Amino acid sequence: MLSAFMAATSPSLLLLASSLTSSSSSPSRFSIRAHLSSPRPSPLRPLLLHSPLSSSPPRRPFFPIKFHPDLLSAARDSLFVFVASLALSVSVFVSDAGSAAAFVVTSPRKLQSDELATVRLFQENTPSVVYITNLAVRQDAFTLDVLEVPQGSGSGFVWDKDGHIVTNYHVIRGASDLRVTLADQATYEAKVVGFDQDKDVAVLRIDAPKDKLRPIPVGVSADLLVGQKVYAIGNPFGLDHTLTTGVISGLRREISSAATGRPIQDVIQTDAAINPGNSGGPLLDSSGNLIGINTAIYSPSGASSGVGFSIPVDTVNGIVDQLVRFGKVTRPILGIKFAPDQSVEQLGVSGVLVLDAPADGPAGKAGLQPTKRDAYGRLILGDIITSVNGKKITNGSDLYRILDQCKVGEKVIVEVLRGDHKEKFPVVLEPKPDES
């Protein structure tokens, strides 16, 4: 291989290499012929070193070797190049991938200003987002052992340094045990501080060091505009800390609570991708401030279809404050059960039909009559509420919306349609009973 490399690097050395590889008639010896670059014939002649009459064996003719100076210089240069190439090749093959990568020169990545802002927003707010696992108790059908198995997961975020975590109620519903995983993968057992089924908000608490808790900056949702950029961080399908971007595509939407059916007003609509597992995660504005909690999507397939909904932070603020202080939300009620809106529409009237009004409830005490049957089994319709404090009521959502603006202990004037005439009743609102 050495002869081949030297021959390839110098034309003059080619003659020397061919001479090195040529052998004589004797297998144990070889002769070297010196090829000179000069076209003149060589003056060297073989010398006869023995006499024909001598009894000693004849010796082989001796050829003195004389190399041309240019040939020696070319051979020396070719040998240097070969040794340098061999050393470089060996260093690359014996080195690891990290050392070999040092030979590759890459230019620094250049990002646009909006990309840098998005990257910075994600890096600064990711430590505030947590992963929540909902565990339920199940009994093995064969061994009868009681096991805790994950029945769902969702997202949440750190509210304060005291370890309060805010999420959706439907994320923790039916859980026998809850675990919260922080951004550094540290997992803690969580306790339920309180929840509000009507607004789909829940507050948990973990015992974690304060230096590991980074509360999310809270913004304002009253001045939001359609078209401004928003960012959703969560754990869709169990993939932790995923960022999706979009814009506000609608404001003052209304959705129903998955637990009670009570309407949630002023909901933010966004086209940022929200998938199962994003529930309870934060919706941020371009400054990184919290403007809502991702809570629901509108999708026939169950995956993101570009229509997501978030509970506005102005609504969340008041609810979380009550849950942290009292462990529950004090919300006024009339103390009635009413019929579905479709049933009332079939009757050709507008309002809320009272199905039940317990005697010990606010409406029962005020004298509102429920729907009942007579002695012959015929249905006697109850009162139909048409207005509260002079505000028209056409369906159940209107009634809830008005009650949300009232306080416990407040007296309201309820107008009802009884038979073919209208009556007014003063009703003192009472707090909603505690829920287990």
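The protein chain has 10 helices and 22 strands, where helices (H or I, at least four residues) and strands (E, at least two) are DSSP runs numbered from the N terminus. This is a predicted model, in which local features need pLDDT of at least 70, side-chain atom pairs count only at pLDDT 80 or more, and totals for chains, interfaces and linings use all residues. Residues are numbered from 1 along each chain as its sequence is written, and side-chain values use heavy atoms, with hydrogens and water left out.

Visitor: What is the mean pLDDT of the protein chain?

Guide: The pLDDT is the predictor's confidence in each residue, from 0 to 100. In the protein chain, 72% of the residues reach 70 or more, and the mean pLDDT is 77.

Visitor: How many contacts beyond near neighbours in sequence does the stretch of residues 1–56 have?

Guide: A contact means heavy atoms within 4.5 Å. The pLDDT is below 50 over residues 1–56. Where pLDDT is low, the predicted coordinates should not be read in detail. Beyond near neighbours in sequence, the contacts of residues 1–56 in the model number 38.

Visitor: Within what arc do the buried residues of H7 fall?

Guide: Buried means under 20% relative accessible area, exposed over 50%, and partly exposed in between (1.4 Å probe, protein chains only). In H7, the buried residues are Val 313, Val 316, Ile 319, Val 320 and Leu 323. Seen down the axis of H7, they line one face of the helix because their directions fall within an arc of 120°, the arc being that of the directions from the helix axis to the C-beta atoms.

Visitor: Which exposed residues does the face of H7 turned away from its buried side carry?

Guide: The buried residues of H7 pack against strands including S3 (164–167), S5 (187–196) and S6 (201–206). The face turned away from the buried side of H7 carries the exposed residues Arg 325 and Phe 326.

Visitor: What is the angle between the planes of Phe 157 and Trp 159?

Guide: Rings of Phe, Tyr and Trp (its six-membered ring) pair if their centres lie within 6.5 Å; planes under 30 degrees apart count as stacked, over 60 as edge-to-face and the rest as tilted. By this rule there are 3 aromatic pairs. One of them is the tilted pair of Phe 157 and Trp 159, with 6.4 Å centre to centre and an angle between the planes of 40°.

Visitor: What is the relative accessible area of Trp 159?

Guide: Phe 157 counts as buried because its relative accessibility is 0%. Trp 159 is also buried, with a relative accessible area of 17%.
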